[in-house]
Amino acid sequence: MTIFLYGPDTFSSRKKLQEIKEKYLREVPNGHLNLLFLAGETASPQEAQKVMTAPPLLARKRLVIIENILKNKNKKIGGVALACLARPSIRDVFVFWEEESQSKKKRGVKPATQDTPNPLLKKLLAGDFSQAFPVLFGQDLLLWIKKQGEAMGASVDPLAQARLADESE
């Protein structure tokens, strides 16, 4: 299974990543032995291959989290990742987490699409689960602020919500 989390809203995407990790650790016996992490931005193709092809140890599944692999300057790493994804296994869950640059944190920025020339990005977008985390504005941001307050057991005054939203834009 391949999960792709991407976008400039790193708060929400990190929260989703944490939920995935917690679910895996809760549901898979000895899951902590098979939770692997790869700093994709700085990893070599050899490191990527080693992490992505390692067999599970004392568990039926393994969770491999790969962060910012699309930012890696070595173009061979994308080919290694594609080769590993081409051999799907029921025992593997790959989570690719990508952070968009600060310069893209503005209104009107289009999310990644299948029209990309990058074959790895194209594969990730077409994978089992792909979720974009765009920057929130306007009513979406106000609703998010309200929900966050409620999740903490607080009621946020509408004027305070508007003020918080104005401060974030």
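How many aromatic pairs does the structure hold? The structure holds 2 aromatic pairs, where rings of Phe, Tyr and Trp (its six-membered ring) pair if their centres lie within 6.5 Å, planes under 30 degrees apart counting as stacked, over 60 as edge-to-face and the rest as tilted. This is a predicted model, in which local features need pLDDT of at least 70 and side-chain atom pairs count only at pLDDT 80 or more, while totals for chains, interfaces and linings use all residues. Residues are numbered from 1 along each chain as its sequence is written, and side-chain values use heavy atoms, with hydrogens and water left out.

Select Phe4 and Tyr6: their ring centres are 4.7 Å apart and their planes at 20°, so the pair is stacked.

Next, select Phe11 and Trp144, whose ring centres lie 5.6 Å apart with planes at 90°, so the pair is edge-to-face. Phe11 belongs to helix H1 (residues 10–27) and Trp144 to helix H5 (residues 138–151), so the pair ties together parts 133 residues apart in sequence; helices (H or I, at least four residues) and strands (E, at least two) are DSSP runs, numbered from the N terminus.

Finally, select Asn68, in the loop between strand E3 (62–67) and helix H3 (76–85), where phi is positive, about 55°, although the residue is not a glycine. Asn68 is buried, with a relative accessible area of 7%.

Notes
Buried means under 20% relative accessible area, exposed over 50%, partly exposed in between (1.4 Å probe, protein chains only).
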